[in-house]
Amino acid sequence: MRRRDARAHHILQSAHASGSSQIFQVAGDFVTSGVEPDLQAPVALPAALEHLQGREEEVGTLLSVLDPEKSSNPVTVLSGTPGIGKSALAVHAAHTAAARGWFAGGVLFVSLRGHLSSERALAAVLRQLGVPQQELPETAEEQEIRYRMELYSRASRGLPVLIVADDASDAATVLPLIPTQPEHRLLVTSRHTLASLHAARLLNLGELGPDDAADLISNALERARPHDPRPRTERDALGEVAAHCGRLPLALTIAAALLNADPGLAVADLATQLSDVRTRLHALHYEDGGRVLAVRAAFELSYQRLSTQQALLFRLLSINPGPDIATEAAAVLIRVPARPALAELATAGLLMEQPVGGGRWRMHALISDYSADLALKDDRQVYKDAFERLAAYYLEAASEADEHLRALPNERPRNRFSGRDEALNWLECERKNLVACVDLAGTIDWHQLVVAMAAALDEFLRERSHYEDMMTVGCRAIDSAVEIGDAETAAGALISLGVALEFRGKPGEAIDAYADALRELRGIGATHKQAAALNNGGMALQEAGRSEESVDWLSRAVAIYRKFGDQYREAIALNNFGVSLCKVGRHADAIEAHKEALLISRHIRDARQAGIAMTHLGKMLAASGKIDRAIATCHEALEVYRGAGEKKGEGATLVAIGKILDEAGRIDDSVDSFGLACAVFRESGSHGQEAEALARYGLALANLRRFQDAIEALYRAHEIYTELGDQLGRGAALNNLTKALLGSRRFEEAAQKSTELVSICRERGDRSYLAAALMRLGIACLWLWRFEEAIDALTEAHETAVGIDDEELETWTLKRLNGARRIVRILAPVQRFWGKIMKLK
């Protein structure tokens, strides 16, 4: 960075003050001349940015603290990560306060540069207050007295003063500047929190939002060259650059400078340069005629002030593979209690605790890059040992949490977790770290860690519907199991992969995975394990419409579990078997399967499977027209679930009741049941099940013509399914959403979402959904006067319905197609005429 030395050179900068005085900055210190001290009202501020992008809320908060009529806080500390824009925000707010006439006694500015002494700071402020150089007191104590006399004099005349102390390194530097009169204000910016300042209002500044970050670069380009096409033509690439900059204003400013310096540089090319984490910090460097902007240099100033232990922890944090780290995990890295050191790093602006007091710590992305870069220069064995400790901690804790998830109803594991809920909460908090740990271990060939961690995570990822993570972990586990020659583990990983593929709407690939697992297990004679592949595969076959095969696979699963006396899993397989038997029309056999599952579940006190059996029996009663008995049976299941605290089962039964009521025409009652199910799933953190309930809730609301409520519920369902990577569920939500959008006459949205659904159906090979999606797309296009698209969509919808031999859908699509053709014959001439009129205009 460029050194500023007053003895070597003077940087002169003039700015206007009130009255006729002039303000000069001499090597960072502002002085005034030409006006008597008792009449001065200096505004000694650097120039402010014309527009402070994305900081409207923060500016409002800061002004409310500075406003003499709204606040009595004499001191405000604005802290945050290096390069986050603290100084720009402080200067902008100070200019605004001055323009509003809040500080008739003057607005002063002193740049502490992270190292300026309190004595020099006082001298700079006194000069701004009009004290001539020759009258400055010699000692710091005398200067502070003179400073307070000047402030007292202005306060007594009703002339409040604002002092901006920029880039303070510690509280001691600014303590002498704190005003004693309530009229005055001191605004301090610092990388450190400066929590020891008495009665100070502490404000922490975060990174910009995604859109504001991209706009900061875009606006800088347009200011430099108003006709620069890049902000308009490369909007997506600007978003990528902003993301690689971690939405840090300093980094964004450097990116804008690089693009302005080279007008021919495509934004996409800069995004590619910044995508490499190994060279990103080097790339975020700009030098222009001696002025240097560098992200690394900003971070180094904070890093150099750390103690030895704090610096070691800062470097070791780069080992953690996920986005944040718990206090307990950080302690494993340095083998001593870590909170004091973590808190110091946060105070230095190099780390954030989110939420405050939550015990989880996150680095800004660019600071994480800097930490990793520093780590590369240290002894590799230190980091290898630290990662081994961290991985062992994660594996041990995950395995203990898994014990609670797999515990039978009468089992209570004794370990670090008090119960199932605490274990689930820990796994959810650490999920991204644990999955990243598996991924990293796979890349460095730590195969034993991969297979062990995958086994510990399997039940949790299934229960919480984290299907994308199941794919990541499953693929790594299969590769590692093959590498170490562990066929049984490979088969288990294939089964987990199959589950993930099912919920991603790929039942065919899921069945292949289950079949591969079955072959592996047969090859090693693991008969009991085969039942898991048969049970899961049977459900996938059912989903794929291959019901007879599903019955065969599930009957074999039931037989194996019965042979081994595994009653817990036998009850699960029997309930699945009953569903498949019902699909092929063997209703009496299905009822017997569910009754047998209920009998076993009650014997072993498994409330979950007992509830599932009762819910299925209720559905079958409803199918035979015995609605009241069906609902009563489902309510018995609800009581069982509630007595056992089984939230997922309770929610699933509420959905079942809603479906029964809906099909019986009692739609108002079904809406209530679906709504309760949504709340239960949301409370239990069962996101996949919440999305399913929302999809059904939204459809029921649409049937009641409560379209706005329906659309909100269905958009939320679509959002959750998208986050989970569940293509099957996403398609179901879109199917219901397009119906609601058409009903509310939001035809443009209906067309967009129908197009999205068509794409999903083609990808999945689901021709039944495809025909319905194309029909709705055609209807939306018809209302939008996009006649050619409407006819094409409806024609394909009808042809698809004919191809799958669905008579009802075939009739509907033909009716819509013929209606569309009639409308086109009537309206097409009107459309052509109107087009000619518009062309003439």
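Me: In this predicted model, which residue in E13 stands opposite isoleucine 325?

Reply: The general idea comes first: strands of a sheet pair through backbone hydrogen bonds, either parallel or antiparallel. In this predicted model, isoleucine 325 stands opposite tryptophan 361 in E13. The two strands concerned, E11 and E13 (residues 360-362), pair in the antiparallel sense over two bridges.

Me: In what order do the three strands of this open sheet run?

Reply: The order is E11-E13-E12, and the pairing is antiparallel. Strand E11 (325-326) and strand E12 (352-353) stand at the edges with a single partner strand each, so one side of each has no neighbour in the sheet.

Me: Where is proline 355 placed, and what is the peptide bond from glutamine 354 to proline 355, cis or trans?

Reply: As a general rule, most residues other than glycine have a negative phi, and most peptide bonds are trans. Here the bond from glutamine 354 to proline 355 is cis, with omega near -10°. Proline 355 lies in the loop between E12 and E13.

Me: Which residues other than glycine have a positive phi?

Reply: Among them are arginine 705, with phi near 65°, and tryptophan 785, with phi of about 65°. Arginine 705 belongs to the loop between helix H31 (687-703) and helix H32 (707-724). Tryptophan 785 belongs to the loop between helix H35 (767-783) and helix H36 (787-803).

Me: Are arginine 705 and tryptophan 785 exposed or partly exposed?

Reply: Arginine 705 counts as exposed because its relative accessibility is 61%, and the cut-off for that class is over 50%. Tryptophan 785, at 37% relative accessibility, counts as partly exposed.

Me: With which strands does E4 pair, and in which sense?

Reply: E4 pairs in the parallel sense with strand E7 (residues 185-190) over five bridges, and in the parallel sense with strand E8 (residues 200-205) over six bridges. Leucine 78 stands opposite threonine 189 in E7, while glycine 80 stands opposite leucine 205 in E8.

Me: Which residues gather in a patch of negative charge on the surface?

Reply: The patch is formed by Glu119, Glu138, Glu141 and Glu142. Glutamate 141 is placed in helix H4 (residues 140-156). Glutamate 141 is exposed, with a relative accessible area of 56%.

Me: Where is aspartate 269, and how is its accessibility classed?

Reply: Aspartate 269 is found in helix H10 (residues 267-274). At 45% relative accessibility, aspartate 269 counts as partly exposed. The C-alpha atoms of aspartate 269 and phenylalanine 460 are separated by 41 Å, and the two residues are 191 residues apart along the chain.

Me: How many helices and strands are there in the chain, and what does its C-alpha trace span?

Reply: The chain has 37 helices and 13 strands. Along its principal axes, the C-alpha trace spans about 105 × 80 × 50 Å. Of the 841 residues in the chain, 52% are buried.

Key. Residues are numbered from 1 along each chain as its sequence is written. This is a predicted model: local features need pLDDT of at least 70, side-chain atom pairs count only at pLDDT 80 or more; totals for chains, interfaces and linings use all residues. Side-chain values use heavy atoms; hydrogens and water are left out. Patches are made of residues with over 30% relative accessible area and no salt bridge: like charges are joined within 9 Å, nonpolar side chains (Val, Leu, Ile, Met, Phe, Trp, Tyr) within 5 Å. Accessible areas come from the Shrake-Rupley method with a 1.4 Å probe; for residues, only the protein chains shown count as cover. A salt bridge is a side-chain nitrogen of Lys or Arg within 4 Å of a carboxyl oxygen of Asp or Glu. Lys and Arg count as positive and Asp and Glu as negative; His and the chain ends are not counted. The place of a charge is taken as NZ of Lys, CZ of Arg, CG of Asp or CD of Glu. Helices (H or I, at least four residues) and strands (E, at least two) are DSSP runs, numbered from the N terminus. Buried means under 20% relative accessible area, exposed over 50%, partly exposed in between (1.4 Å probe, protein chains only). Two strands pair if DSSP finds at least two bridges between them.
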